[in-house]
Amino acid sequence: MKEQLANIRAQALAAFEAAQSAAELDSLRVQYLGKKGELTAVLKMMGKLSAEERPAMGQLANEVRSALEQALEAKGKELEAKALEDRLKAEALDITVPGKPVKEGHRHPMYIALDEIKDIFIGMGFTVLDGPEVELAELNFDRLNADEGHPSRDWSDTFYFDKDSRVMLRSQTSPMQVRAMDTMELPIRIIAPGRVYRKDEVDATHSPMFHQVEGMVIDKNVTMADLKGTLNTVVEKLYGKGTKTRFRPHHFPFTEPSCEMDVQCHKCGGVGCPTCKGEGWIELLGAGMIHPRVLEMSGIDPNEYSGWAFGIGLERTAMRRFKIADLRLIFENDVRFLEQF
Amino acid sequence: MNLSRKWLSEFVTVDANDKEFAESMTLSGSKVEVTYDLGAEISNVIVGKVLSMERHPDSDHMWICQIDVGPAGTVQIVTGAWNVHVGDLVPVAMDHSTLPGGKKIEKGKLRGVESNGMMCGLYELGLDERDFPYAVITPAAILGDYKPLDKNKPSIPADIQPGHKIYGPVVAARVVEVNADAYSDFEVTLETGDGSCAASTTCPNLHVGDLVAYNTKANTICTLADLHAQQAEFPHCIPDGIFILNEDCKPGDDLKPIIGADDHVVEFEITPNRPDCLSVIGLAREAAATFDVPLRLHEPVVKGGGKGNLMELLDVETPAADLCPRYTARMVRNVKIAPSPKWMRERLRAMGVRPINNIVDITNYVMLEYGQPMHAFDYRYVKGGKIIVRRATEGEHLTTLDGKEHILNANHLVIADEHRAVGLAGIMGGLNSEIVGDTVDVVFESACFDGTCIRKGALALGMRTEASAKFEKGLDPLNTLPAVNRACELVEMLGAGEVLDGTIDILNYVPQPRVLKLEPDRINGLLGTDIAEDEMVAILKKLDFQVEGDQVTVPSWRGDVIGMADLAEEVARFHGYNNIPVTLMRGQTTLGGFSEEEKLERQLGSMCRAMGFDEIITYSFISPTCYDKIRWASDDKRRESFKILNPLGEDTSIMRTTVLPSMLEILTRNYNYRNQDVRLYEVGRIYLPGGPDGLAVENKILSMGAYGEDMDFYTLKGCVEAILKDLRISDVRFVVPQETNPSYHPGRCAQVYAGDRLLGVMGQIHPLVAQNYGVDAQFYCAELELNDLMAAKGADPEYVPLPKFPAVTRDIAVVCDEAVTVGMLEECIRKGAKGLLKDCKLFDIYRGKGVAEGKKSVAFNLVLRADDRSLTSEEADEDVKSILAALEKDLGAVLR
């Protein structure tokens, strides 16, 4: 019997080891350990043994059983792992096949630039205002100190809807200054982006419709130094830290002193190149301290309050931001252009 | 405004190159656009003297010249020009020289003979006869050059010999000797067959051996004009050739200073508030202040003494006194019209003004120098010796100097004599009083006219001139007198005429000097600076402001300085904008942010982009024909648009009342570019009549448009539904429009409702509209009103507990008439349910085998659930039974 047990053990272990699949292993389990299995058959003969032999033989049989069970489990795990491995191998994909396309939409580059500007100013406590494009000449010009004789009021420069030149397409976002002064409580910090219209033929740098962002601050003790500080911060955020700027005297009817702000040419670093027409600087925006008369016309006492304002062309900002060479691309809306951003 | 740096240096000495000058002037407020070196293109061109000339052995028209070029020795140059003579001073472009237009000169061979450079004509130096009127060439007709127009009928026989008659008193003669008496004044000895004679001529193209036509009667050598010959008959006897110099120069001298090409020109952008800077003196003042160097102004000195009494000869009346604050005039008699001297011509040219004659040039010179437009009249055409500055009469005619005739009205200001207008005040003189070659007596006008009147007049007549551009900005009335005196001084300096004593000066408006208070604290307060009062005073004084104590007197030419802020700007400009400190805003903090409207716009945009739509930007103005293209009826009320009275063109002439044409245009453009599967969106405005103050109602529309393989009605509908869901809009309905929308496919168009509120429309574009845009593709568009979306927007979400009990699902398929819509079936299913139905989803529509003709089978997936218990099968079946009963009863739809 002892011999028998040893045989079974040896045979079974060899058979288990040779098993190729879980199913084969299972049939081997039945063959050796099942109710009608070989080991069970041997155990059934235990009753015929003497009382002296039985414990030793019993122990041996149990040892064989547990050895077989252990071997079964181990082999089972091994086969399971192999099966998984085979499956995974079979499931392997050519990962260089392109992914299933997801069509993603794109923000227009000019609005990307505008969003950046808005974010910067909102962070500084500015409110974003919106206003009409069909505007009164009174707000676009008179209330901004550009009286009857101002050349920009000419029909050759500005679009009008009536013979009396009363209603027009705003030529600048600056009437939003007046609208803000007329409706908001002091202190005021606003930006007002939007469309403006001038009688320019379409070319690589001109369009009869374009966009500006107006900005205005009115408070007590507002200085030109604040204007410079704020605009410098904006430029650094837009074009990177350390971007050099300079301020030049200029003239706008509704600011005094007035200035234009240049940024150092990104192409040549200020040495002078065709991009900056040899100047080393590129004009970015116009600004200035709000003209006392403009404050007065809106019922704000210029002896108590002061303010500054600026206006920046959005197309130009976006073109510089994304190195877009031709303004016409902005309004052409070719998806091959739009989907680059 | 162009500025000659040579001219500038008469008033101020600035030690800076062009770049430094431009930068400093720009930073002090006179923006420099660009600088030019007038001689930048000319190099290695020097003066040469012709030592000898011999005819080219292999050419009948070229000469080999030996030329003394000073220290560089003698060079041999071959030329085809015939106006050169031994002894002439000529411009020589040496080997490796450059000329205007990028032309490079190098030595070479001409028909085998070495030529070491080129002698230059006026044009080759970038000049013309107006710059050097003395260099005009009138060629003689040289018979050896004669090419008959008709070979068989020559006017001059080829074998003609001296003494042969050509016609009348004209005979052929041979040149035996040519001597230059003076510049372009030649004494020629001729052999006339039977003897010899001498003739003088200005024709410079004669050389020994030439055969010429000699008029025995007039004792002249004939030009082409004398022979009534055409240029083609004498191809080499042309009014062009080498520029023979008549200047004080010697061989080897650099040519540039001789022709005025050593000047540098600075182009300024002068802002409209500074008309005083539209002059050399004005810019000199700015330059002096910028570089902190003295300004040297010059007081004109007029000797006068011309015969006659000005008051007797001329009377001026200004009935339109309000439009003519000041009128100043002087008179010059016995004028000798001639070219002005070289220095004056050079300066005018450098500033971009064409030299004409001494009197006209003087008016232009003074305008450039003083910024005061001047006009010169021929006195003999001022009838009655009276100048009247008046408004034009209605319909009055005047032909201006440019030859254009104008019909005037009372808004125009004219200069007139007793009978008629002789000039458009401040804009342009009249042709009827133009300075011409035989003008004898001249009236110089130096006046100040009302800026707005001149601006409007010039604009109405479409003739904005240099003068009107200055007047329209409002000029300094105190400038007229020095300017007219300067003109008279120049007349005397040029010997151009005799200036009469006295001045006519009518002052209708006497400006009072403006006095402002200097408040250093307020200026520093505005600028955020700490500039000392001394520095402020020094800056103002540099600009000719008078400062006494805290009283600042503004100079008469600074009409733009009216208050404290203006003084602050003057101080800031010369303290340096870039020396103002940089500080951050202080004061009460404010809460920034977006309005609700803008938040909605941003939400819509990000939703569209998530679904693959690209953002576009389209023009707000469209062509009125766009309404036809989208098939709006001709009486459609929506055609009522804001119309631009002065549009750039028809295509951009009205403000759109619909965004559809804009979207269709961009879809079409992309389609034509063969871009595939395009999805676009824009939040665009429409402009409807009826806003406050006569303004527009500017509503925003979410405009979506798409085409491509993956786009159809239901795809776009799904996108619209997703947007509405994102906005938590409830009770959304897609309704067949009661009135057909002409722009959309009648069977594929839906109005979008939230409850009873119409949000917009969507669908496939009508094939005829697509055809109007020239495409045969299916375009899909949606237009949703932002105002309505805002109003229909749902409240912020509130948490609803997740279901605790499982749901039971049932699929049903019913057969119904084609006329029954899925919407009707769904509505009926919801109505028929007994309260357990949570969801109902369409999953199939089937037509064909097994379903009768004219019928369809529609399958739904139903989800039933109770919130408080697990449903039993029986309970679910009960609900489904009720639903099926309703479907059959209401719609005749039976379980398949």
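Biologist: In β45(B), which residue is the bridge partner of Val815(B)?

Modeller: Keep in mind that this is a predicted model. Strand β42 (residues 808-817) of chain B pairs with β45(B) in the antiparallel sense, over two bridges. Within β45(B), the bridge partner of Val815(B) is Val894(B).

Biologist: What is the order of the strands in that open sheet of chain B?

Modeller: The sheet is open, has four strands and pairs in the antiparallel sense. β43 and β45 (894-895) of chain B each have a single partner strand, so they stand at the edges with one side lacking a neighbour in the sheet. Read across, the order in chain B is β43-β44-β42-β45.

Biologist: How many residues of strand β43(B) are buried?

Modeller: Strand β43 of chain B covers residues 837-846 and is an edge strand of the sheet. Eight bridges join β43(B) to strand β44 (residues 855-864) of chain B, with the two running antiparallel, and Asp839(B) stands opposite Val863(B) there. Even so, β43(B) is hardly covered, and among its ten residues the buried count is one.

Biologist: Which helix lies across β42, β43, β44 and β45 of chain B?

Modeller: Take helix α20 (residues 822-832) of chain B to begin with: it packs on the sheet by touching β42, β43 and β44 of chain B, and its direction makes about 150 degrees with that of β43(B). The helix you want runs at about 15 degrees to β42(B) and covers residues 873-891. That is helix α21 of chain B.

Biologist: Moving to strand β24(B), which of its residues point the other way from Leu413(B) and Ile415(B)?

Modeller: In a regular strand, side chains alternate between the two faces of the sheet. Strand β24 of chain B takes in residues 413-416, and its four residues are all buried, whichever way they point. Leu413(B) and Ile415(B) go one way, and the other way go Val414(B) and Ala416(B).

Biologist: And through how many residues does the hairpin join β24(B) to β25(B)?

Modeller: On one hand, β24(B) pairs with strand β21 (residues 386-391) of chain B in the antiparallel sense over four bridges, where Val389(B) has Ile415(B) as its bridge partner. On the other, β24(B) pairs with strand β25 (residues 421-424) of chain B, again antiparallel, over three bridges. There Ala416(B) is bridged to Ala421(B). The hairpin joining β24(B) to β25(B) goes through four residues.

Biologist: What does Phe444(B) contact, leaving aside neighbours within four places in sequence?

Modeller: Phe444(B) is one of the core residues that touch the most other members. One of its contacts, Ala487(B), is on that list too.

Biologist: Is Leu227(B) buried or exposed?

Modeller: Leu227(B) sits in the loop between β16 (220-221) and α3 (255-258) of chain B. Not counting residues up to four places away in sequence, Leu227(B) touches Ala141(B), Ala213(B) and Cys222(B). The cut-off is 20 or more other C-beta atoms within 10 Å. Leu227(B) has 21, so it counts as buried.

Biologist: What is the radius of gyration of chain B?

Modeller: The C-alpha trace of chain B spans about 145 × 90 × 60 Å along its principal axes. For 896 residues, a compact globule would come out near 29 Å. Chain B instead has 44 Å.

Biologist: How many residues of chain A are in contact with chain B?

Modeller: From chain B, 79 residues take part, divided into 36 nonpolar, 27 polar and 16 charged. The largest share of that side, six residues, comes from helix α13 (residues 564-575) of chain B. On the chain A side, the count is 71 residues.

Note on methods:
Residues numbered from 1 in each chain as written. Chains lettered and ligands numbered in written order. Predicted model: local features only at pLDDT ≥ 70, side-chain atom pairs only at ≥ 80, totals over all residues. Contact = placed C-beta atoms within 7 Å. Nonpolar A, V, L, I, M, F, W, Y, C, P; charged D, E, K, R; others polar. Buried ≥ 20, exposed ≤ 12 C-beta atoms within 10 Å, placed from the backbone. Pairing = 2+ DSSP bridges. Core = buried A, V, L, I, M, F, W, Y, C linked by C-beta atoms within 7 Å. Rg over C-alpha atoms; globule rule 2.2 N^0.38 Å. Axes fitted to C-alpha atoms, helices over the stretch in contact; angles between N-to-C directions.
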